[in-house]
Amino acid sequence: MTDLRHRWDQRITDWPTVSKIASDLGMRGQGRHFYCPGCQPAGGSSPELKIHDGGFECFRCGMRGDIVGLVKLANNCDLEEAIQWLESETGEHLEPDND
Ligand SMILES: [Zn+2]
């Protein structure tokens, strides 16, 4: 499962895809800055969570991680559910490497 997570992180690197995922996760913000689902669920004066290529970081609560981690945070779900969400979001199914 860890390997599969890595593959998804490698798959989702381009900003248009990341941006669409953030929007479909219900995240609101400006540009690459979004309100943090962890510490700003009701919004706030300024969006403190920045999404960069391949990951995110919140400058308010310090939460950071990869794109799969962002799905987990926003949906408040576990890794398996996050990957299922990404599959339905992208219409893709990635297989873990066997080696
Ligand atoms: Zn935060």
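Q: To start, is Cys77 buried or exposed?
A: This is a predicted model, and in it Cys77 is buried, with a relative accessible area of 18%.

Q: How many disulfides does a search of the whole structure find?
A: The search finds zero disulfides. For Cys77, the nearest cysteine sulfur belongs to Cys36 and is 15 Å away. A disulfide needs two cysteine sulfur atoms within 2.5 Å.

Q: And Cys36, is that buried or exposed?
A: Cys36 counts as buried, at 0% relative accessibility.

Q: Let us turn to charges. How many salt bridges are there?
A: The whole structure has five salt bridges. One of them joins the side chains of Asp66 and Arg5, at 2.9 Å from N to O.

Q: What does that pair tie together?
A: Asp66 lies in the loop between strand 5 (64–65) and helix 3, and Arg5 lies in helix 1, so the pair ties together parts that are 61 residues apart in sequence. Asp66 is buried, with a relative accessible area of 17%, while Arg5 is partly exposed, at 21%.

Q: Which residue forms a salt bridge with Lys20?
A: Glu89 does, with the closest N and O atoms 3.2 Å apart. Lys20 is in helix 2 and Glu89 in helix 4, so this pair ties together parts that are 69 residues apart in sequence. Lys20, Asp24 and Glu89 are linked in a network of salt bridges.

Q: What about Asp9, where is that found?
A: Asp9 is in helix 1, which covers residues 2–11. Asp9 is buried yet has no salt bridge.

Q: Why does Asp9 have no salt bridge?
A: The nearest side chain of opposite charge, Arg5, is 4.3 Å away, and a salt bridge requires the nitrogen and oxygen to be within 4 Å. A polar atom of the Asp9 side chain does lie 3.4 Å from the backbone nitrogen of Val68. Asp9 also touches Asp66 and Ile67, leaving aside residues up to four places away in sequence.

Q: Switching to the nonpolar core, which residues touch the most other members?
A: In the largest nonpolar core, of 26 residues, they are Trp8, Leu49, Ile51 and Leu86. Elements giving two or more residues to this core include helix 1, strand 3 (49–52) and helix 4 (79–90).

Q: What is Ile51 in contact with?
A: Beyond its neighbours within four places in sequence, its contacts include Trp15, Val18, Phe34, Phe56 and Leu70.

Technical notes
Residues numbered from 1 in each chain as written. Predicted model: local features only at pLDDT ≥ 70, side-chain atom pairs only at ≥ 80, totals over all residues. Heavy atoms only, no water. Helix = DSSP H or I, 4+ residues; strand = E, 2+ residues; numbered from the N terminus. Buried < 20%, exposed > 50% of the residue type's maximum accessible area, 1.4 Å probe, protein only. Lys, Arg positive; Asp, Glu negative; His and termini not counted. Polar contact = N/O pair within 3.5 Å; in protein donor to acceptor, adjacent residues only side chain to side chain. Contact = heavy atoms within 4.5 Å. Core = buried A, V, L, I, M, F, W, Y, C linked by side-chain atoms within 4.5 Å.
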